[in-house]
Amino acid sequence: MTLLSAPPRTTPAAAGGPAPLAPAARLLPALAAVYRAQLARARVARIPLLFVATFQSLGILVMMRGVVDSGQTSAAQYVVAGSSVLVVAFVALNLLAQYFGRLRASGGLDHYATLPVPAASVVLGAAAAFASFTLPGALVTAAAGAVMFGLPLGQLWVLLAVVPLAGAALAGLGAACGLLAPRQEIATMLGQLGMSAALLLGVLPVDHLPQPVLWLRDLLPSTYGVEAFARTFRPDPDWAAVVADLGVCAGVGVVSLAVATWAYRRATRR
Amino acid sequence: MSESAGRAPQDTAPCCAVRDLVRTYRAGRGGAAETVRANDGISLTVRQGEIFGLLGPNGAGKSTLVRQLTGLLRPDSGSIEILGHDVVRHPERAARLLGYLGQESTALDELTVALAAETTGRLRGLTRTGARAATDAVITELGLEPLAHRPLAKLSGGQRRLACFAATLVGDRPLLVLDEPTTGMDPVARRAVWSAVERRRAERSTTVLLVTHNVIEAETVLDRVAVIDEGRVIACDTPGGLKALVDGDVRLDLVWRDEAPLGVPAVAALAERAERTGRRWTVRTTPEQARELVSAVTTGPAFAALDDFTLATPSLEDAYLKLGGRHGGLAK
C-alpha cells in the first residue's frame, strides 16, 4: 500500500498543454464490431423472433392460397413477393424500431455515446445486422410460396439483392422511428404500423386496391422490393424495371439511414 | 489510516476542473411545469491520480454532473476542463479522455461478458487483437473467467455490474468515471473493483471520479469527497477532514425489544431528541452525555426493554447531517 501513496506523475498535462486524445474508432472497424455484436445478440434473443417473422409470412401464404389460385397470375406473384419482403419489414423495420426505442428509453445509448465511435457505425452496424437476420426467413418464405403457387424457383437469387436493399430502406426507417420517437411506446407503435402497412399493401394484389391506397402503397419503400421481386416471377422479366425498383430501395435506404444517423446524434447529445 | 494511505499529493496537476456549472430541467407539464436546478453552481477540482468521490442522496444532482463531464449533457452555463480540454465546447473529446461506467447495461445485456468487453474495446479504437488481449487480461484480473461466455442478461445484478466495469477498463483511459460501480456486488467483487482501481492508479496515475451514496465505501476508498446536496457542493475535503467537523460527538443507537420504556425519565427525555426509525432510536451527542445515557439504559426497566445498543464514533453520514444535508441521511 505504501507504493500507492506516491503515484507517478508522468501525465502530459502536468508538463503543460492538453493531454493527447486517445484515437477514435474508425468507421469501418467500428461498424464491423457493432455488426458482429448484433449477430451474437441474435443467437441469444432474436432467434425466436426470426421464427415468428417467418411463420407469420408462411401463415399468410397459406391463408392467401385459399383466395388466390395457383399459377402465373399477378395476384400469386404479389402474394409470394409480398410475404417474402414482409419478413424483412418485420425484423428490419419493426424490431429495429423497438430495439432503438428501448435503448434510448433505458439509457442504453449512453454506452455508445461515451465511446469514440462514429454515429454511422452504430446505426449502420445495427441496421445491417437486423437486415441480414432476415435473409434465411425471406428465402424460406419465397421458396415455400413459389411451390404453393406454382411459380418458378429459378429467380430466388434475386432475393440476395432485394433483401439487402429493401433491408437498408426499412432498417433505416425503423432506426429513425426508434431514435426519433419521444417515447418507447411510440417507437413500438410506429414499428408495428410500418409492418402492418408493409403486410397489407405488399401482399394484397394491386388490381383490387382503390386509388388512394395505391398512392399510399407507392410511398412505402417495401413496395419497390415487392415489385422488383414479383417481376422476376414472370416468364420474361423486365430486368430494367427490376433494377429501377431496386434503385428506389437503395435511394430510400441512403436517405433513411442518413436520417437515422442524424437522429442518433440528436438522441445522444442533449 | 485510510485517509492517508494512497492519497494523491496536493500538488499534482488538475485532471478535471469544473467551474460554476449550472444545469436546469423542466419538471411537470404545461403551466404547472417548473424549472429545477439539478446542478446549481458546482465548482470542484479533481487532481491527477486522485480517487475523488461525489457523495449525496438520490436526486442530489450527482449523475447530472457526471453526465455533463462525459459529454452526454450540455450544461446551461459554466465550464468543464478535462486534462486541458474544454469538454463543454468539444463534448466529443470526452470519450477519448475517459472511460465511463453508467448505471444502465441495456446496450450490452444480450452479449456474453467477453464479447461485451471486446466490442467496447473495439469501439474505443483498439485493434481486434488489441481488444481481445485487453479483454482477456481484464477478465482474468477481475476473476470473471467462469462467467466469460455467459450473456450479461443471465447474470445476477452484481455480476452484471462487474462485467460492465470490465468493459469500462478495456482500452486505457487516464480518467475513469464510475457511477455507483459496486451496486449489488458481493464483497469479493467489490474487492476486485477496488484492487483494479488501485492498480491503475499506482501504475498509470489513473484518476477516478466515483459517484456513490455508500458511506462505508466512501470512507475507505476515497482520497477526497465532495458532498452534494440539492445541486450544490456543500463540502469538499478528505473523509477524515469531513468527519473532523463532528469530531466531538458520538452516535448512540438504541434498539428496543417492543415499546420504549417511557416511564424511565432518561428515556422520556431522549424521546424528544432521538431520531426514530421503527424500534431504533439514534441520538448524536457528547461522549459524556452518551456515557450517562448508556448507564441509564443498561440498568433496571430500561435494560429489560433494550434489545441492542451501539456507541460509535462519527461517520461520514453524521458529517453530512451536520453539514445540513436535508434528506435525513444518505442511504435510502
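A:Tyr264 touches A:Ala119, A:Val122, A:Val123 and A:Leu179, with residues up to four places away in sequence left out of the count; two residues are taken to be in contact if their C-beta atoms, placed from the backbone, lie within 7 Å. This is a predicted model, in which local features need pLDDT of at least 70 and side-chain atom pairs count only at pLDDT 80 or more, while totals for chains, interfaces and linings use all residues. Residues are numbered from 1 along each chain as its sequence is written, and chains are lettered from A and ligands numbered from 1 in the order in which they are written.

The place of A:Tyr264 is in helix α9 of chain A, which spans residues 239–268; helices (H or I, at least four residues) and strands (E, at least two) are DSSP runs, numbered from the N terminus. A:Tyr264 is buried, with 27 other C-beta atoms within 10 Å, where a residue counts as buried if 20 or more other C-beta atoms lie within 10 Å of its own, as exposed if 12 or fewer do, and as partly exposed in between, the C-beta atoms being placed from the backbone. Between A:Tyr264 and A:Asp245 there are 28 Å from C-alpha to C-alpha, and the two are 19 residues apart in sequence.

Chain A as a whole has nine helices and zero strands, and its C-alpha atoms fill a box of roughly 85 × 35 × 35 Å along the principal axes. Of the 270 residues in chain A, 51% are buried, and among contacts in this chain with a separation of 6 or more, 83% join residues 24 or more positions apart.

Two packed helices are described by the angle between their axes and the distance between the axes. In chain A, helix α2 (residues 74–106) packs with helix α6 (residues 184–203) at an angle of about 175°, with the axes 8 Å apart; axes are lines fitted to C-alpha atoms, for helices over the stretch in contact, and angles run from 0 to 180 degrees between N-to-C directions. That makes α2(A) roughly antiparallel to α6(A), since angles under 35 degrees count as roughly parallel, over 145 as roughly antiparallel, 65 to 115 as roughly perpendicular and the rest as oblique.

Chain B is divided into domain 1 (14–241) and domain 2 (250–313), with bounds that come from an automatic or database domain assignment. The centres of these two domains of chain B, taken over C-alpha atoms, are separated by 40 Å.

Chain B also holds an open sheet of four strands in the order β2-β1-β4-β5, with antiparallel pairing; two strands pair if DSSP finds at least two bridges between them. In chain B, β2 (34–47) and β5 (85–86) stand at the edges with a single partner strand each, so one side of each is left without a neighbour in the sheet. Five bridges link β1 (residues 14–27) of chain B to β4 (residues 77–82) of chain B in the antiparallel sense, and B:Val18 stands opposite B:Ile80 in β4(B). Helix α1 (residues 62–69) of chain B lies across β1, β2 and β4 of chain B, running at about 120° to β1(B).

Strand β11 (residues 250–256) of chain B is mostly covered, five of its seven residues being buried. β11(B) is joined by six bridges to the antiparallel strand β13 (residues 280–285) of chain B, where B:Leu252 has B:Val283 as its bridge partner. β11(B) also pairs in the antiparallel sense with strand β14 (residues 306–312) of chain B, over six bridges, and there the bridge partner of B:Asp253 is B:Thr310.
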